[in-house]
Each structure stands twice: as structure tokens, then as C-alpha cells.
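Dear colleague,

I am handing over the structure below, and my notes on it follow directly after. Please read them with the structure open beside you.

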Amino acid sequence: MRNRIAAALLAAALTPLALTLSAPAAHAAPAAEPYDFNGDGLADLAIGAPGATVGGKAKAGAVSVVYGSSSGLKTSTHTLITQNTAGVPGAAETDDAFGSAVASADLNTDGYADLLIGTPGEDVNGDTNDGTVVVIWGAKSGLSGARTVPNSNDRDVDRYGQSVAVGDVDDDGDLDILVGANGLFTLAFVNGPFTRTSSFQGGSGSGFPHPYSSSYGITSLSVGPVTASWHTNVVVHGRRTGTDDAITHLVTDPSIGNFTDWMQELPSGYVSAIGDVDKDGYADIAIGNERETSADPAGAKGGKVTVVYGGSGGTDTSRAPLVLTQDTAGVPGASESGDRFGSHVSLGDINGDGYADLAVGASGENSGAGSVTVLYGSASGLRTTGAQSLTQNTAGVPGTSESNDRFGARVLLTDHSGDRRAELTVAATGENGDGAVWSLRGATTGVTTGGATSFGPGTTGVSTAGSPGYGTALNS
């Protein structure tokens with residue numbers, strides 16, 4: 001089997017969508033940062049609810065976008081996007097799972113970030129669960145207008161859009177879209193540049209070699225500048241052939257056809273985040289593996305997170321990875337079976353000192369009530385002194401911890417207020433059977449619960465029928 005199949009994307013195969021705004025001139029403004037959809041310099045929040053009922057169709061899926069403000073996330077300014085939204089291709093159908101994955105970048109460099117949404121359950125031309133990805137365009141008034149990202153290998157893949165990322169992976173100065181799927185071609189590269197109406201430039205599909213399972217495909221993606229020689233590196237997650245055990249690699253140069261030349265094996269996990277925790281100029285990788293060793297040999301009792309330090313050629317082999325569990329000295333709590341420590345991870349600068357800090361979700365803690373642990377970066381790497389633990393029972397955090405809330409199922413560290421300190425966003429996908437999101441401000445002393453806010457799907461227009469899974473996806 002060829003590792004890499006080039007596929008020209010014919011303009012006739014594309015279906016541009018009707019747009020509500022005229023296309024601005026290319027390169028008319030500095031490119032916006034990811035998730036700044038209205039170009040105000042503040043990151044907005046995209047919340048996936050792939051289990052949401054839309055137009056009576058169960059699990060059709062929805063995405064809510066809450067806009068940033070000087071006071072943080074502002075739920076009064078939000079946008080609801082479904083496949084029944086005007087201009088969005090397709091139609092809401094049962095089990096589409098629209099919003100299973102989200103990603104963002106200013107694809108057309110007009111000064112407004114754009115939103116990519118994965119819909120792995122979409123049926124295409126009679127092919128069940130073929131999957132699709134759409135781009136929703138940013139504008140001063142917010143998100144509006146859309147088009148479909150092509151799938152050049154649609155006959156050979158399923159669940160296209162189960163993971164999505166954006167980055168200049170071929171180092172040519174233009175952004176590219178990466179889409180995870182399962183089947184023969186498990187990772188698609190769709191080449192930039194992109195505009196609202198022009199033909200796509202082409203793409204390719206990669207069938208990851210043994211031991212990646214084609215049945216699971218590429219389940220999660222992270223992007224960031226880990227190596228000195230390449231603008232954007234990719235961390236890919238999948239399952240080992242013949243098992244459901246995690247397998248993880250760092251892609252250091254995807255333009256090379258020989259997989260052994262551009263893949264570095266990493267500690268196995270299901271999710272990851274990229275950021276510079278020691279401010280040495282090389283991004284580091286935090287990898288979460290929430291499973292017990294009985295379920296995955298690479299797991300740990302209660303789950304674990306492994307931090308791999310970056311270097312000029314990828315991972316820094318002179319430094320041992322930092323393995324964190326709740327039994328690690330200084331980490332709050334204790335490792336207990338089912339805690340799911342490492343269910344999600346995020347890196348961002350909470351206290352404004354220039355070092356990336358780490359948020360770790362433990363969605364199984366205390367019978368599934370869930371918790372979040374925050375550890376802080378330093379010149380020597382992540383430190384466990386001064387670590388924080390947060391639950392719904394923490395003073396100032398809205399709500400009450402209850403079994404199966406799954407607080408910490410998703411975590412995010414990003415600056416929504418413009419104060420150069422990341423807010424901590426936490427999703428509890430089981431809260432009240434619907435899911436909910438919390439936002440806690442960053443401060444020089446760390447995460448603060450003063451002024452913490454929480455909201456559920458109804459606040460942003462998502463139906464609470466069934467189990468919407470609000471917060472299943474947050475900004476990647």
C-alpha cells in the first residue's frame with residue numbers, strides 16, 4: 001500500500017456555498033489569531049455539542065460560539081451553528097455528530113479567524129458515516145457563510161472530520177487543513193491558500209503504517225512549532241492495530257514520503273497539547289492517557305500525563321519526560337482507579353509570566369464528578385509546587401460536584417479577555433445530563449475563582465433534548 005497518494009481536487013467537485021458577506025481582498029489585513037472570529041483581538045470560544053438534537057433530529061449536533069470581551073467570555077454575544085443554519089452546507093440529520101471536532105485559523109488572511117467543524121457521522125452520496133468538514137468564515141459581525149472542505153479520498157475513508165487541525169505543515173507560507181478519518185487514508189492534508197470562493201489547491205491522503213489501526217484512524221491532532229527547522233509540527237493520536245491501545249507520534253516533516261523519516265514515537269496517549277513550559281524557545285508536548293493499565297499498558301492507575309520536552313530536532317532526548325499522576329509529589333489528590341487523570345490537557349500562560357502552564361482534566365474523579373489540576377511552568381520545566389486543584393465544590397466555582405458530571409472532560413487555557421493571562425475553561429459534559437462550561441480568570445497568583453461563571457447549552461441556544469454533550473469539543 002502506498003503511504004501517500006496525491007490527489008488533484010477538481011474545481012467541479014467543489015460546491016461553494018452562498019455567502020452572506022462579500023469577499024474582502026486577499027491579504028487586506030494582518031492575519032487574525034485562531035478563534036478571533038470578529039477580529040477584535042480577543043479569542044472567542046467554540047463549543048461542540050455533537051449529541052444535540054436539531055430540528056427533531058437526534059444527535060445531529062451543534063456548535064455554539066461565545067465571543068470574548070474585556071471581562072472574559074460574554075454569553076450575551078453568541079452564535080449558534082448547525083447544519084440547518086443558513087449558508088451551512090447539508091442538513092441536520094440523525095447521528096451526524098456535527099461539532100465532534102473544531103479548529104481555527106485565519107484561512108483567507110482577511111483579519112478574521114475562521115472556524116472548521118468536523119461532522120464524522122455525515123452520510124455522503126449514500127455512504128454511511130463518510131463524514132465531512134466545513135469552514136465557517138469569520139467577519140467583523142462574527143461568523144457567517146460557509147463552504148465544504150473537500151475529501152479527496154472519500155471512497156476509501158469513513159468518519160472524515162473526527163479530528164481536525166490547521167497549520168502550515170508543508171512550510172510554504174500558507175496554512176493547510178489536516179483532517180483525521182479511519183479507513184485506507186487516515187490523515188488528509190488539504191493544501192492552502194484558501195479563499196471564500198476559489199478552488200482548493202489540492203491535497204493528499206496518508207495511510208499511516210503498521211502499527212496504526214485503520215479501524216480507529218487518527219482520533220486526535222495537535223499542532224505547534226516543536227522543531228527549530230519546521231514551522232508547524234503535528235502530534236497524531238490513534239490506536240494500535242489489533243487493540244484499542246493508544247499510539248502517538250510527532251510528525252516533524254510531512255513533506256517527506258518515507259514515514260520513518262518524519263515520525264518520532266512519543267509516549268502513548270489519547271490527547272495532547274503543545275506549548276513552551278520552560279521558555280527555552282522550543283515547544284513542549286503534554287500527552288494525556290486517562291486509562292488504567294488493565295485497559296492500556298501505557299496507562300497508569302487513575303491515569304497519567306507525560307510531558308515531553310522539545311528541542312531543535314523534535315523531542316529533547318537529553319531530558320527525561322516528566323510523568324505526572326495524582327501520586328506524584330506535589331500533585332493534589334491520590335491516584336485511584338477510574339479517576340481518568342489526563343482525560344484532557346491544555347497549555348497556556350495563566351499568570352502572565354511567559355511560561356506555559358498545564359491544565360489536566362480528571363473527569364472520573366470522585367465517581368465521575370470530575371476535577372481539574374493546574375501546574376505551573378518555570379525555567380526548569382513544569383513544577384508541582386503550587387499546583388491547584390479545582391472542582392465544583394471549590395469555593396467560588398459555580399455548582400455542586402455530582403456523580404457523572406465529568407467536570408474536566410475538556411479543559412482549555414486561552415486569553416478571552418485580552419489581559420495577557422489565560423482563562424481556564426472547563427467542560428463537564430455530563431452536567432445535568434446536558435453538559436456545561438465554566439470560565440475562571442487567570443491572575444498573577446494563578447487561577448482565581450473570583451467572578452467565575454458557568455453556563456449550559458440553553459444559554460447559547462442548544463436544545464437540551466436527549467444528551468447534547470455540550471462541551472465535547474472546545475477550541476483545539
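In this predicted model, an open sheet of 4 strands has the order E5-E6-E7-E8 and antiparallel pairing, where strands (E, at least two residues) are DSSP runs numbered from the N terminus and two strands pair if DSSP finds at least two bridges between them. Strand E5 (101-105) and strand E8 (146-149) stand at the edges with a single partner strand each, so one side of each has no neighbour in the sheet. Strand E7 (residues 132-136) runs antiparallel to E8 and is joined to E8 by 4 bridges, and Ile136 has Ala146 in E8 as its bridge partner.

Elsewhere, Gly288 lies in strand E18 (residues 284-289) and counts as buried (under 20% relative accessible area, 1.4 Å probe, protein chains only), because its relative accessibility is 0%. Beyond its neighbours within four places in sequence, Gly288 is in contact (heavy atoms within 4.5 Å) with residues including Tyr270, Lys304 and Val345.

As for confidence, the protein averages a pLDDT (the predictor's confidence in each residue, from 0 to 100) of 90, and 90% of the residues score at least 70. Over residues 1-27, however, pLDDT stays under 50. Where pLDDT is low, the predicted coordinates should not be read in detail.

Residues are numbered from 1 along each chain as its sequence is written, and side-chain values use heavy atoms, with hydrogens and water left out. Because the model is predicted, local features need pLDDT of at least 70 and side-chain atom pairs count only at pLDDT 80 or more, whereas totals for chains, interfaces and linings use all residues.

Notes. Buried means under 20% relative accessible area, exposed over 50%, partly exposed in between (1.4 Å probe, protein chains only).
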